Structure formats: structure tokens, C-alpha cells
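Visitor: I have a model open and would like to learn how to read it. Where do we start?

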Amino acid sequence: MKALIPFAVVLTLAGCDKGADSPRGFSLPEGNPSKGEQVFMKYQCLACHSLKGYNTDNIEPELANRVLLGGNVSQIKTYAELVTSVINPSHKIAQNYIPSEVSDDQGHSKMRNYNDAMTVSELVDLVAFLQPQYQLVPFKRTDYPIYLP
Ligand code: HEC
């Protein structure tokens, strides 16, 4: 039993990303979702995005097809992921879209860069507004009927 302990430690350490660029230690102060909604409108996120409950009829589109925000996800959307999507959008390009519609020839996101415009407080509130727009829907296993001969 004792001999197994170092082995378990190695496995645990290997399982987590300890690099300087890992999300370890990341924590946001509590944001205000209703202020976040104002931030969302102020920066005209709806020019390129759609979000359930928000009308885009009177907003000039900046993309051929708006990229959906919120909705059902099989894995919880973390604050870290949302902050990354806003301040470093090319880190991970949204899936399920035609690449040329959402990124340029070099693979950079077509998302606008707000890093020199948005305050940190605005970012924190924005993320507090966005996170609950994603609903976790656990992956549903398909139950196949058992046919008995
Ligand atoms: C000029 C167009 C444009 C504007 C304006 C824009 N975005 Fe985006 N955004 C994109 C595109 C294109 C993508 C998909 C490529 C990518 O993942 O970066 C994206 C992706 C995202 C994602 C990740 C979506 C996913 O499914 O992975 C989030 C979150 C997001 N945007 C939030 C925002 C917020 C919040 C604003 C306003 C502050 C905003 N965007 C403004 C173009 C835009």
C-alpha cells in the first residue's frame, strides 16, 4: 500500500497544468450581472453575436452569421473561459462555425479587441452577466433497447 502513494502523487501532479500560463489561482471579484448587461450593450456585442432574449433587428450586423452566445453546453462555462474569450479571442476559436466567417487567414478571431477600451470592472461585470446565459445540459447517454432473440 505504502509503495502506491508516490505513484498516486505522480499521477495527481501529472493531471494538472502547473505552467505559468495555467488557470491555477485565477479568481474574479464578484461581478454585477445587470451592470454587465449594460456593458454588453455599450460595446455592441450584438453586432456579431446573438443571445436568447435579445433582439438584433435594429443592430447593423458585422458578421454574415452571428455567433451564438449562451445556450446549452455539455460542460460548464467558466469565468476563466469567458474572460479569455473576450481578452484573447484567438486563444480558442469557437467551434461549429465556418472558419473563414469567424477568423482571418492567419487564424485570428474576427472578434473586436476591447483590451484598451474596457475597464477591468466592466469585464468582471460582463462575465457575471454572460456566465448564467449558459445552461449546463448533462450529456445524455442513448439507451439502446435490448432485443432478445
Ligand atoms: C466584430 C465582431 C465581434 C464583436 C463586436 C464581438 N465579438 Fe465576440 N466573437 C466574434 C467572433 C467572430 C467569435 C468567434 C471566434 C472566436 O471564438 O473568437 C467570437 C467569440 C466570442 C465568444 C466565444 C464564443 C464561443 O462559443 O466560444 C464570446 C464569449 C464572445 N465572443 C463575447 C463577446 C462579447 C461579450 C462582446 C462584446 C463586448 C463581443 N464578443 C463582441 C466576433 C465579435
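Guide: Start with a definition. A polar contact is a pair of N or O atoms within 3.5 Å. Keep in mind that this is a predicted model. Now the case here: a backbone N or O atom of Ala94 lies 2.6 Å from an oxygen atom of the ligand.

Visitor: Which elements give two or more residues to the shell around the ligand?

Guide: They are α3 (79-87) and α5.

Visitor: What lies 3.3 Å from a polar backbone atom of Pro89?

Guide: An oxygen atom of the ligand. The ligand also has a nitrogen atom, 2.7 Å from an N or O atom in the side chain of His49.

Visitor: How many residues surround the ligand, and which are the closest?

Guide: The count is 24. Cys45, Cys48, His49, Ala94 and Met111 are the closest. By type, the shell holds 15 nonpolar, four polar and five charged residues.

Visitor: What does the side chain of His49 have around it within the protein?

Guide: One of its polar atoms lies 2.8 Å from the backbone oxygen of Val67. For contacts, look for heavy atoms within 4.5 Å. Setting aside residues up to four places away in sequence, His49 touches Thr56, Arg66, Val67, Leu69 and Met111.

Visitor: Why does Gln131 count as buried?

Guide: Because its relative accessibility is 16%, and the cut-off is under 20%. Its side chain reaches the backbone oxygen of Lys77 at 2.8 Å. Beyond its neighbours within four places in sequence, Gln131 is in contact with Ile76, Lys77, Tyr79 and Leu82.

Visitor: Now the whole chain. How many helices and strands does the protein chain have?

Guide: Five helices and four strands. Along the sequence, the pattern reads α-α-β-β-β-α-α-α-β.

Visitor: What percentage of the 149 residues in the protein chain is buried?

Guide: Buried residues make up 25%.

Visitor: And among contacts between residues at least 6 apart in sequence, what percentage joins residues at least 24 apart?

Guide: In this protein chain, 62% of those contacts do.

Conventions: Residues are numbered from 1 along each chain as its sequence is written. This is a predicted model: local features need pLDDT of at least 70, side-chain atom pairs count only at pLDDT 80 or more; totals for chains, interfaces and linings use all residues. Side-chain values use heavy atoms; hydrogens and water are left out. Buried means under 20% relative accessible area, exposed over 50%, partly exposed in between (1.4 Å probe, protein chains only). A polar contact is a pair of N or O atoms within 3.5 Å; within protein, one must be able to donate a hydrogen and the other to accept it, and residues adjacent in sequence count only if both atoms are side-chain atoms. A residue is near a molecule or strand if one of its heavy atoms lies within 4 Å of it. Ala, Val, Leu, Ile, Met, Phe, Trp, Tyr, Cys and Pro count as nonpolar, Asp, Glu, Lys and Arg as charged, and the others, Gly among them, as polar.
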